[in-house]
Amino acid sequence: MKCKEGTAVLIIRVNDAFCRSCFKEYFIHKFRAMLGKNRVIFPQEKVLLAVSGGTASCSMLSQVQEGLSREAPKKLRFVPGIIYIDDGGACGRSAEERQRSNALLKSIFTETGFTYFIVSLEQVFSLPTSVLVPGTSDPDPSNPSYKQAVDQYIKEKQTLTEENVASAVAQLNIEDSAYSPEHKLALERLFSSMKTLTAKEDMLQTLRSHLILHIARENGYSKVMMGDSCSRLAVKLLSNIALGRGAALASDTGFSDPRYGDVVIVRPMRDYSSKEIAFYSRMFNVPSVFISGLDTKTHDKASIQRLTESFVTNLQFDFPSTVSTIYRTSEKLHTVMPPQSQTAEPASKCLLCLCTLDTKVGRLYLICLFFHFSELYFRLPSHQDLKTLLCYSCRLTIKDMVSLRKAQNSWVQSLRVLHSSNSFWYVVDDMASQQCPAVSHVMSYKTVFFHLFL
Amino acid sequence: MPVQCSNCVQRRAVLKRPKTGHSLCKDCFFWAFEEEIHQTIVSAGLFNRGETVAIGASGGKDSTVLAHVMKVLNERYDYGLSLLLLSVDEGITGYRDDSLETVKRNQQQYELPLKIVSYEELYGWTMDAIVKQVGLKNNCTFCGVFRRQALDRGAMMLKVDKICTGHNADDVAETVLMNVLRGDIARLCRCTSISTASDGEGAIPRCKPLKYAYEKEIVLYAYFKKLDYFSTECIYSPNAYRGHARAFLKDLESIRPSSIIDVIHSSETLSIKEGVKMPVQGTCSRCGYISSQALCKSCVLLEGLNRGLPKLGIGKHHRLHGKILAQEPLTEQEEKKLKPVNCNCRL
């Protein structure tokens, strides 16, 4: 359709036919246009690519490779690193399976020549609590605007040699898949204490993002690129509405997610539908590894996320514009930024997902009333404190863990133990005062999860 | 072993509450249900003392329960309101004429005055005639737009201060989902407000006291209180787009019962970017009703029906509004686009 010469080999959307080379050009152009339009990646910045092994994130990886290897004027100008999180412990995969997929991915990563990190989810228990505190994002006064930064870089490029860049990139590649058995057990217990798949997926998402955030911060990466495609984001938008995450919709599905402060999450693949990605990776042999997740082979109604996915896919069949309409809706939503003033109190954030708390609005009295009616019969005085630290949907996730354990006597026992032990109140008191929890005083991340929730 | 009621612990539980899963006895359930509606009314400040309130009554379960609960709460908490029933006759045989009989019975049971307005007398068209012209797919648009105006016109005739409708939590959640799926940002931010904004002139504010009540609970309430209501679906509803949103919502509810309230919460807390184009409220130049365009939707729809071009109101034809206002005939090409799909004439 575009060059009108080559024979069309595939059809995108409803009417657009492309030949092979035009499609490749279209695909690459879209990626670069997305990065160029939202000018958030500065030259020489360190960017972490979050790869899950699936086709979308591997396509993103190959795009970045492609972009960095082009001729000089159009070269992409940042320093990439790769991160892969092995969540087999949460999904119930055996150790051999995990070894196998790790090895496959390692071979893919070494081919690219970028720094890579392969971490297992169990490591989340050894994180410092600073992960739960959003970093400051006060812009450095000397930090120039995007255009100025680009100009400056081009001037400096005369002096910068290729060898310098290459040597910086070929530093330590971390493959840290070792984990202690205690952590493994803790992770298994955490996930088995949640009966619904919905809560499990939610928790997995939260833990993964904490881990990525930590690695990014530790190694000086200021941006993280996620490989969410358009279809995936449409499903995410709808399921987030169903989960009660209305306030954070824009940051969860928008191009950039500023809620962590110093590390910004960007989603350059958000314009591509799953179909386009699948065609591209098939036609141009993008290496990817299929790794089964929490919801592989589950039926349609196993969790809210799974249900939404099947709903959107079916609706797309009858109404082909569904996914793009939902995508456009997400573009019109507002990313609520917390006020940046140094003098006033910073807006309080949810403990788990680090977005602004959405439960203080007066008209939501009725939502709280609903909770009141339901908790009337649970009589959990100690959890009053915990509730104030979480946003609406994180409360629901935690409620899922708690409400089912109520039936078991052992939980009541452990609650009594926690009641009396100082550590619990220490953590809760400190976090309840919340304004800037002094990291040294509060106990470790592990304690938060281990003692509070198990 | 019989389960005891979770609240009073004395009586046996007879039902499990869909919203929270608690087992309750009849009286505790009635109390909880009525109390929640009372709190909704009080905290949102829906009514003031001495107002006249029209209850939109269709004879179905929502409006019957609404009428009953409003009467009960008005007496119990002394709101000081004078209530009356307002009903709309769309002219759908086999559905609306039966439900109207139920409304007349309700009038006797609750001793509230009743007024019925019909599409025939207001617009000159019944829904059956409209469906014959339009077909089965887009007719819900006509019915909804006309009904809203009919309610307002009826209320103005009766000189009431507020209208309240029986929209329940499921309805609001379905509307939110539908607006996201259709990309209708303007409606998305408006649909969750519990009462419509009241401007100075003309438009009577409408509110939804049952906004946080689940549909299942309304059915349970009506059943246990043995209220008289009409329980058949509109015969044209299976082809509506809303059916998809409803099926999705029902599945969501089966996975997690609180999801209906979660959806409503999400829509209340989402915010729209500045700079997104939003419609501005004005008045229709032909009939004076509130509208965001030069001509209000029902005038456009009526014009289309009267001229035999039923697709005039469906889809985007803003440029043609000017022509309609000026009473000019449309060009042949424009007419062709607007004809119904299976029309056989050779124009």
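These legends walk through several close-up views of a predicted model.

In this predicted model, local features need pLDDT of at least 70 and side-chain atom pairs count only at pLDDT 80 or more, while totals for chains, interfaces and linings use all residues. Residues are numbered from 1 along each chain as its sequence is written, chains are lettered from A and ligands numbered from 1 in the order in which they are written, and side-chain values use heavy atoms, with hydrogens and water left out.

**Figure 1. Chain A as a whole.**
Let us start with the overall make-up of chain A, which has 19 helices and nine strands. Helices (H or I, at least four residues) and strands (E, at least two) are DSSP runs, numbered from the N terminus. Of its 454 residues, 51% count as buried; buried means under 20% relative accessible area, exposed over 50%, and partly exposed in between, using a 1.4 Å probe and protein chains only. Take the contacts in chain A with a separation of 6 or more: 76% of them join residues 24 or more positions apart. Contact here means heavy atoms within 4.5 Å.

**Figure 2. Domain 1 of chain A against domain 2 of chain A.**
Chain A is divided into domain 1 (1-38) and domain 2 (40-134 + 171-332), with bounds that come from an automatic or database domain assignment. The contact takes 18 residues from domain 1 of chain A and 28 residues from domain 2 of chain A. The C-alpha centres of these two domains lie 25 Å apart. The size of an interface is often given as the accessible area lost when the parts come together. Between domain 1 and domain 2 of chain A about 2200 Å² is buried, 71% of it on carbon and sulfur atoms; buried area is the accessible area (1.4 Å probe) that two parts lose on being put together, summed over both. On the domain 1 side, A:Phe27, A:Phe31 and A:Arg32 lose the most area to domain 2, together 33% of what that side buries.

**Figure 3. Links across the domain boundary in chain A.**
How many salt bridges are counted between domain 1 of chain A and domain 2 of chain A? The count is one, where a salt bridge is a side-chain nitrogen of Lys or Arg within 4 Å of a carboxyl oxygen of Asp or Glu. A:Lys30 and A:Glu276 form a salt bridge, with their closest N and O atoms 3.3 Å apart. In domain 1 of chain A, β1 (10-12) and α1 (20-37) each supply at least two residues of the side that touches domain 2. Helix α1(A) gives the most to that side, with 11 residues.

Is A:Ser57 buried or exposed? A:Ser57 counts as buried because its relative accessibility is 4%. You will find A:Ser57 in helix α2 (residues 55-68) of chain A. Its side chain reaches the backbone nitrogen of A:Ser52 at 3.1 Å. Leaving out residues up to four places away in sequence, A:Ser57 touches A:Ala50, A:Val51, A:Ser52 and A:Gly227.

**Figure 4. Chain B meets chain A.**
Here 42 residues of chain B are in contact with 44 residues of chain A. The two chains bury about 4200 Å² between them, and carbon and sulfur atoms give 71% of that area. One salt bridge is found across the interface of chain B and chain A. B:Asp251 and A:Lys301 form a salt bridge, their closest N and O atoms being 3.0 Å apart. Several helices of chain B, including α7 (169-182) and α10 (242-255), each supply at least two residues of the side that touches chain A. The largest share of that side comes from α11(B), with eight residues.

**Figure 5. Two loop residues with positive phi.**
A:Asn285 is not a glycine, yet it has a positive phi of about 50°. A:Asn285 sits in the loop between α11 (274-283) and α12 (304-318) of chain A, and is exposed, with a relative accessible area of 64%. In chain B, B:Asp78 has a phi near 55°, a positive value in a residue other than glycine. B:Asp78 lies in the loop between α2 (61-76) and β4 (82-89) of chain B, and counts as partly exposed at 47% relative accessibility.

Key:
A polar contact is a pair of N or O atoms within 3.5 Å; within protein, one must be able to donate a hydrogen and the other to accept it, and residues adjacent in sequence count only if both atoms are side-chain atoms.
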